[in-house]
Amino acid sequence: MGKKMLNFEEQCKILNLLKSSSEQKSIEEMLTEFFTNPKLRHFNVCYSLSLLLQDKMMLSSTERLVAFAILHRSYSSQKSAANPFISFLVNAACDEGAENYERAFILHLLGFGNSNSSKEFLKQSASEYIKKFDPSSQTFPQKEQLQKQYLEKAHPEPYACLLKSTAVKNVLADPDVPPGCDANSAEFDLEPGAKSKLGSGDRDEALSGLIANLSLEGLIPHWIRPLPPRFPVDEELVWLNPDNNHELQWDQGMCADTSRGAAVRDLIAKALRGPLAPNQQEQVLVELANDPKLVYHCGLTPRKLPELVESNPLIAVDVLIKLINSPEIAEYFTVLVNMDMSLHSMEVVNRLTTAVELPKEFVRTYITNCISSCENIKDKYMQNRLVRLVCVFLQSLIRNRIIDGKICLSKFKPSALSFQGLERQRVYLGC
Amino acid sequence: MDSRDSSSSSVPNRDGTAGDDDGVLSVTAALAKDAALYFQSRKFAECVDVLTQLKTKKEGDPKVLHNIAIAEFLRDGCSDPKKMLEVLNNIKKRSEELAHASEEQVESGSDVGNKVTSGSKESSSTTHQVSASHSASTIYTAEFDTSVISLNIAVIWFHLHEYAKALSVLEPLYKNIEPIDETTALHICLLLLDVVLASCDASKSADVLNYLEKAFGVGNVSQGDNGNILLQQSTNLVGKLSSVPSSSLVSDASTPDLAASVNASENPLSRTLSEDPLDEMFSTLDIAGQNLSRSADLTSPKELPRTRVDRSIFGVDLKLKLQLYKVRFLLLTRNIKLAKREVKHATNIARGRESSTALLLKAQLEYARGNHRKAIKLLMASTNRTDTAISSMFNNNLGCIYYKLGKYHTSAVFFSKALSNCSSLQKEKPLKLFTFSQDKSLHITYNCGLQYLACGKPIIAARCFQKASLIFYKRPLLWLRLAECCLMAVEKGLVEGSRPPSNRSEIRVDVIGKGRWRKLLIEDGISRSGLVDSVGKDDWALGGDEEPKLSLPLARQCLYNALHLLNCSDSSHLKCLLPSNSSLEENESSDGASSKNPNHKSLVGIDSKPSTLSVGLVNSNGDFKEPKAGTNQEMIHNSVAYFADICRKENQMMKQALLANLAYVELELENPLKALSAARSLLELPGCSRIYIFLGHVYAAEALCLLNKPKEAVEHLSIYLSGPNKVESPFSQEDCEQWLTEKPIDCEEPNGGGGGAATAAKNPSPEGMQEFMFLKPEEACGTLYANLAALYATQGELDRAHQFTTQALSLLPNSTEATMTAIYIDLVLGKSQEALSKLKRCSHVRFLSSNLQSNKSS
């Protein structure tokens with residue numbers, strides 16, 4: 001249900017006002033009486049009256065005058081331009097179809113031309129005003145003139161929504177009279193006491209009905225706002241499957257014997273200092289093989305790896321293979337690739353390549369280090385040996401498809417071509 | 001169940017070997033052994049007694065405290081898991097402090113090994129490997145190793161459905177799983193798998209699955225009799241290992257390379273004694289070059305089977321279990337075809353003894369394929385319906401099927417049955433930890449919510465979603481559904497301040513006066529003002545008992561939540577983007593894949609992650625010996641990629657829906673600016689469906705109109721103008737169908753062999769369409785005409801407006817909006833008689849006598 005513009009009290013007030021307009025009370029008196037209630041919502045009252053005034057048939061002439069007076073008085077404490085109904089008043093004053101006394105009354109209200117100083121005319125009753133009205137005494141200005149005078153200083157139109165600002169009155173006359181009859185004819189007015197006939201109606205009833213039901217909103221064009229569709233339910237329903245039961249686990253490590261790795265730990269510590277005897281070496285390998293977790297607890301750290309590689313390359317290989325899944329393996333590789341080039345480190349790398357997948361970057365970096373080591377050796381004999389060694393190493397890598405020979409040698413060429421025997425190696429490698 | 005059986009059956013084994021060393025067992029070790037035995041036989045009271053004795057001997061030992069806590073918790077019927085978590089966390093903290101202290105000690109020179117002097121050295125080579133592994137492996141773990149405590153903490157979180165929290169505990173363990181002893185590692189992996197599957201994280205699931213298959217040597221189950229081979233392999237291996245100190249641990253008995261590798265490793269041994277290392281090197285390299293053609297077995301590090309674990313865990317049980325995990329994974333990633341294949345393998349492994357899990361998975365498979373009847377048949381075949389937990393799942397799943405069949409009321413019956421199963425499950429005594437996780441009432445409640453929403457009961461649906469939000473609060477979809485509840489409630493007039501639905505869809509006319517004085521006062525029935533004023537404060541707590549007060553502002557809040565969650569999951573990298581795991585992603589996104597190997601930054605290109613590594617390997621070498629393993633991994637890998645794609649698509653769809661809803665809600669709330677920005681974002685989405693493009697334009701145009709920008713508004717609508725006054729259909733019927741079946745069903749070639757599934761999916765069932773309640777294409781045209789008419793009417797272009805409104809009314813004769821616009825235009829044109837006749841012709845007008853109301857004033 002639309003919002004009603006007027007509350008019950010306001011409705012009564014307006015009805016009483018209109019009813020009393022035909023009495024001999026002065027307009028001023030009526031106005032004063034009307035505005036005694038401070039809770040009156042001026043805008044709503046005025047808007048209702050303006051809607052009623054738009055229908056020329058609805059209100060009697062005296063009622064119309066009083067209604068116009070209300071529209072003016074409600075906002076008379078402010079500048080005329082601030083009156084929201086000022087253009088309505090101006091238009092009514094210029095309405096050629098309206099009675100002249102009505103137009104003159106509005107001009108009086110607006111104080112146009114300062115004619116007979118202010119409020120004197122309000123001291124009479126509405127009917128007196130009409131009776132005493134002399135058409136010749138009044139000149140009617142052009143609409144433009146009035147607009148200029150009263151609207152010019154108007155504030156810019158307050159912000160209003162496009163759809164709403166174009167609203168039209170939502171009241172439609174729908175006279176229910178027999179076909180062919182003039183709906184405006186007074187014959188259909190309900191005579192008091194007379195029997196009601198088809199098409200007759202009581203104006204007062206319609207008036208109070210209208211006043212009770214008027215709403216602020218007029219009729220506006222309507223926009224269709226489609227409701228978005230519901231999102232389709234596809235995989236959204238939860239299908240249930242039995243969970244696997246996960247029990248709380250007993251910690252088997254409680255009071256467990258931790259001495260077992262001690263032997264290997266001792267041997268690894270020894271292996272960092274120098275080569276182990278073959279039987280010791282075997283023991284380490286066997287124990288590591290027997291317990292895949294032992295390698296994590298044998299006391300080796302990346303920092304210690306170079307010593308192990310130099311002293312016991314085989315153990316180093318074994319340990320690294322076992323650590324391949326350890327989160328630390330990258331650190332081990334970093335240490336390995338950065339340690340000094342040596343026969344042992346090369347052997348470790350070579351063996352690793354055949355056993356596990358090494359990161360490509362690691363192999364590449366290692367080869368680069370090998371080559372630069374060859375270049376940097378001063379001793380010719382040692383350099384020769386080292387070049388041969390690197391070549392064999394590379395050959396092995398190529399054969400095992402760890403690296404691509406062509407790519408590798410093309411890298412090798414500019415830096416190490418001068419090395420003795422390299423040409424031979426190239427032929428040998430078949431590249 | 002399985003794991004408990006296997007672990008208890010492992011007791012005699014472990015025990016048997018321990019018995020050999022009885023002579024050297026200290027008092028504490030003996031007590032520990034007793035306690036463990038009691039624990040395994042579930043005599044928790046006795047166990048606690050023994051542990052209390054032990055405690056006096058090892059004051060403050062975290063492992064003793066831990067076992068006491070566990071035993072007491074189980075003895076007392078798992079009554080307070082939250083408190084248990086607290087206890088375990090405290091012990092863990094203490095253990096870490098002690099470990100820290102002892103580390104410092106080690107660095108200052110003392111030897112860790114000497115700290116515990118409970119036994120003499122024993123030669124490990126004499127110990128029978130397979131059975132000893134269990135106890136042996138723990139020996140070397142640091143005394144203060146916290147992996148078991150952490151595992152147990154995760155177990156409890158898991159049972160409480162707190163998957164994100166469980167994951168946060170498990171992930172660090174998994175990242176450093178290698179040093180952890182086999183049994184614990186296996187438990188960690190299995191639990192992790194359950195957690196990531198439950199949180200729908202496909203890529204992590206794939207990772208763990210791959211790892212499990214390789215590390216525990218139970219992959220390739222698809223080969224059927226593979227188990228035997230594996231067993232053989234490992235026995236061979238054991239034999240070889242005892243005699244040959246070979247560095248190549250893994251070798252296939254059938255590979256001739258074994259000899260070579262033995263050679264290769266023997267040579268250098270002698271080499272160290274040789275005088276000329278260089279020459280020796282040459283020979284070694286030559287040998288290696290000739291013989292060591294890299295075999296597939298040696299290449300992939302993670303393929304080293306963890307052969308040492310108790311065989312009993314590794315039996316058929318684990319194999320079946322893993323196979324079922326794989327099926328779950330494939331179902332999660334919607335790889336239906338492969339799931340079907342793998343379910344068959346699972347049946348083969350199970351050899352007749354059908355587990356209810358397998359049965360439910362099979363039913364789920366058929367459900368996912370759209371074979372609803374078959375799914376029902378399979379569910380009905382389930383024999384294990386006496387088990388309350390199973391029957392609650394059974395009922396829930398039937399509910400899902402009937403929902404999909406469009407029989408919402410039947411599905412409601414089953415869902416409520418499932419819920420009552422749940423509540424009786426909670427009453428069962430004694431309480432087990434498992435009971436907590438078996439309580440799926442919140443999941444079922446979510447399903448109920450969907451069902452109520454489908455039945456048009458938004459308030460009760462919202463209550464369901466609200467309850468389910470306790471576990472699903474990170475799912476954008478949940479919030480979208482709540483918003484939909486709000487919109488539906490508003491639409492139905494169930495929200496305070498909103499009109500009842502009848503009033504929204506009809507024109508109300510007050511008839512005032514009689515006879516000559518009769519006036520018609522048209523009420524602006526469709527005006528939405530009043531809704532905005534009804535905005536209550538949104539003091540609605542998640543999961544609280546308080547009923548959510550459905551309103552448009554709540555809808556807006558929900559939509560923003562969903563968008564936020566969706567954006568979070570989008571921004572998290574390549575990983576799978578399913579809504580539910582956005583929670584995890586949020587936390588993990590920064591330390592995801594890259595930090596799995598935190599040290600790798602030093603060497604670019606190292607990736608020891610199993611999946612990528614081995615897939616690439618097999619491909620490049622081409623000489624793999626286990627083709628099945630290769631395809632297996634590829635399959636998992638592809639599934640993840642495929643699923644990520646699905647998720648991306650779904651998220652895109654959801655984003656469209658969210659933005660459209662948001663634009664709508666903002667319009668309803670009279671915030672045209674926000675509505676406009678939502679509509680614009682909607683239009684900017686890549687791959688936006690034509691339906692939502694249409695909505696985007698209509699909402700944007702209305703918002704612009706409300707912002708007094710009619711020119712721009714016209715631009716949005718005139719996109720659909722093909723002639724001066726002709727609108728073309730903004731979308732087609734196919735667009736609607738496509739929207740419903742956007743998600744492809746079959747992973748591999750969509751039209752190849754998928755058969756029933758593919759076709760079923762392509763043609764949406766009538767039920768599916770019925771659920772999709774939206775404008776028909778011609779109604780959409782009518783909407784455009786009506787809105788163009790309204791727009792031109794406000795512009796004063798009344799002739800054009802009049803033409804549009806005529807077309808609108810011919811397409812939408814019952815639209816109140818179009819009728820009102822038409823009447824408006826007539827009135828502005830001064831054709832009040834035509835307006836009157838339109839009003840009287842319209843079927844959606846209600847004439848009200850004013851007499852009844854004139855005295856009722858507000």
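I'll go through a sheet, a helix, some aromatic rings and one aspartate.

Quick housekeeping. This is a predicted model, where local features need pLDDT of at least 70, side-chain atom pairs count only at pLDDT 80 or more, and totals for chains, interfaces and linings use all residues. Residues are numbered from 1 along each chain as its sequence is written, chains are lettered from A and ligands numbered from 1 in the order in which they are written, and side-chain values use heavy atoms, with hydrogens and water left out.

Helices (H or I, at least four residues) and strands (E, at least two) are DSSP runs, numbered from the N terminus. Two strands pair if DSSP finds at least two bridges between them. In general, strands of a sheet pair through backbone hydrogen bonds, either parallel or antiparallel.

So what is the strand order here? It goes β1(A)-β2(B)-β1(B)-β3(B), an open sheet of 4 strands with mixed pairing. At the edges, pairing on one side only, sit β1 (171-173) of chain A and β3 (845-849) of chain B. On average, neighbouring strands are turned by 25° against each other, direction ignored; axes here are lines fitted to C-alpha atoms, for helices over the stretch in contact, and angles run from 0 to 180 degrees between N-to-C directions.

Now look at β1(B), residues 507-512. With β2(B), residues 519-523, it pairs in the antiparallel sense over 5 bridges. Arg508(B) has Glu523(B) as its bridge partner, and Ile512(B) has Lys519(B). The hairpin of these two strands has 6 residues between them, and Gly513(B) takes a positive phi near 80° there. With β3(B), β1(B) runs parallel, joined by 5 bridges, and Val509(B) stands opposite Phe847(B).

Is β1(B) enclosed or open? Buried means under 20% relative accessible area, exposed over 50%, and partly exposed in between, with a 1.4 Å probe and protein chains only. In β1(B), 5 of the 6 residues are buried, so the strand is largely enclosed by the rest of the structure.

Helix α10 (residues 203-213) of chain A lies across β1(A), β1(B) and β2(B), at about 150° to β1(B). Helix α42 (residues 832-841) of chain B packs on the sheet too, touching β1(A), β1(B), β2(B) and β3(B), and its direction makes about 105° with that of β1(A).

Next, a helix in chain A: α16, residues 343-355. All 13 of its 13 residues are buried. Expected span is 1.5 Å times one less than the number of residues; that gives 18 Å for α16(A), and its end C-alpha atoms are 18 Å apart, which agrees.

On to the rings. Phe, Tyr and Trp rings (the six-membered one for Trp) pair if their centres lie within 6.5 Å; planes under 30 degrees apart are stacked, over 60 edge-to-face, the rest tilted. Over all chains there are 23 aromatic pairs. In one, Phe105(A) and Tyr129(A) have centres 5.0 Å apart and planes at 75°, so the pair is edge-to-face. Phe105(A) is in helix α6 and Tyr129(A) in helix α7, 24 residues apart. Phe105(A) is buried at 0% relative accessibility, and Tyr129(A) at 5%.

Last stop: Asp735(B), in helix α36 of chain B. At 12% relative accessibility, Asp735(B) is buried.

Key: Contact means heavy atoms within 4.5 Å.
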